[in-house]
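Subject: Structure handover

Hi,

Here is the structure we talked about. My notes on it follow below.

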Amino acid sequence: MLNILQTVKGSAISILLSQGINNDIALLKTSQVVLAIFSFIIPAFFCAYFFDKNTTQFLSLSPRVCRLFYILSAAIIVIAIPSINFIAEWNNKLTLPESFAGIEQWMQQQETKNTALTERFLSTSSWIGLLANLFVMAILPAFSEELFFRGLLQKTFTQRFGIHVGIWLSAILFSAVHLQFYGFFPRMFLGAMFGYFVYWSGSIFPAIVAHFINNAIVVLVAFFGENNTETLSQFGTNKQWFVALASFVICSLLLWIFYRNRYQSK
């Protein structure tokens, strides 16, 4: 299955899997919505109000964002797909020391189970099913997770530990909460990239847009055909390392442009 699929699957799915809920996809999708609201959205607003009465400012919910930031964040996340695939392939090959063989076997079993369930989760042949998947796997996670990890945690960490430590610490937690070792590093780098989008633009909305596009691509590719999914998964792997290199170079250039235009309002 698609390498970047590992960077998409919602944390709620992993949490529910750990509780043994793995048969009813409708229940799983409903639980995804409930957990997103009660695990990310409500706590983010509650804690932000506790820290600062101006919750929208604390959570970086400013709508006044330069249009360039939306264009750049959207372009970067699409062009980054080969680079993310390359990191995901490298992550998949990581092994633990022999003394942790039991833990590694458990992680592999969980990964196999998670991947199979995610494929079932994405599987639909109706347009209504597609819209439901886009909402549950793209729109909702993009808003709720960015609100919590970049709006709340990143702001809290950067105030205490500094900008870069705060961004990377929130990115590590963002990846860790998904409970997927074999997708940890690509998700962590995505989280850090989203974090810099927020810091440079002063708003979480460019990160929400990028997060949505990243997830929506997988949902759409899965809907329109497995062959497309397999083709997309090859971009940036060892078979096409030059594509990953080009992706990295172009993304670095676009990130530099983003950085040079930082703090610019619309």
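The accessible surface of the chain comes to about 12,800 Å², and carbon and sulfur atoms hold 67% of that area. Areas here come from the Shrake-Rupley method with a 1.4 Å probe, and for residues only the protein chains shown count as cover.

Some ground rules. This is a predicted model, where local features need pLDDT of at least 70, side-chain atom pairs count only at pLDDT 80 or more, and totals for chains, interfaces and linings use all residues. Residues are numbered from 1 along each chain as its sequence is written, and side-chain values use heavy atoms, with hydrogens and water left out.

Overall fold

The chain has 12 helices and zero strands. Both kinds of element are DSSP runs numbered from the N terminus: helices are H or I with at least four residues, strands are E with at least two. Of the 266 residues, 49% count as buried. Buried means under 20% relative accessible area, exposed means over 50%, and partly exposed lies in between (1.4 Å probe, protein chains only). Take the contacts (heavy atoms within 4.5 Å) between residues at least 6 apart in sequence: 78% of them join residues at least 24 apart.

Cysteines

The disulfide count is zero, with a disulfide taken as a pair of cysteine sulfur atoms within 2.5 Å. Cys47 is partly exposed at 26% relative accessible area. Cys251 is buried at 6%.

Nonpolar patch

Phe86, Trp241, Phe242, Leu245, Phe248 and Val249 make a nonpolar surface patch of about 650 Å². Patch residues have over 30% relative accessible area and no salt bridge; like charges are joined within 9 Å, and nonpolar side chains (Val, Leu, Ile, Met, Phe, Trp, Tyr) within 5 Å. A salt bridge puts a side-chain nitrogen of Lys or Arg within 4 Å of a carboxyl oxygen of Asp or Glu. Helix α12 (residues 241-260) gives the most to the patch, with five residues. Trp241 is found in this helix. Trp241 is exposed, with a relative accessible area of 51%.

Aromatic pairs

There are 20 aromatic pairs. Rings of Phe, Tyr and Trp (its six-membered ring) pair if their centres lie within 6.5 Å; planes under 30 degrees apart count as stacked, over 60 as edge-to-face and the rest as tilted.

One of the pairs is Trp127 with Phe223, which is tilted: 5.2 Å centre to centre, with 55° between the planes. This pair links distant parts of the chain, with Trp127 in helix α7 (residues 127-161) and Phe223 in helix α10 (residues 205-224), 96 residues apart. Trp127 is exposed at 57% relative accessibility. Phe223 is buried at 15%.

Phe197 and Phe258 have ring centres 5.0 Å apart and planes at 10°, so this pair is stacked. Here too, distant parts are linked: Phe197 is in helix α9 (residues 184-201) and Phe258 in helix α12, 61 residues apart. Both Phe197 and Phe258 are buried. They belong to one aromatic cluster that also holds Phe69, Phe194, Tyr196, Trp200 and Tyr259.

Phe45

Phe45 sits in helix α2 (residues 25-51). It is partly exposed, at 31% relative accessible area. Leaving out residues up to four places away in sequence, Phe45 touches Thr55, Leu59, Leu61 and Leu147. Phe45 and Phe58 are 13 residues apart in sequence and 9.5 Å apart in space, C-alpha to C-alpha.

Best wishes
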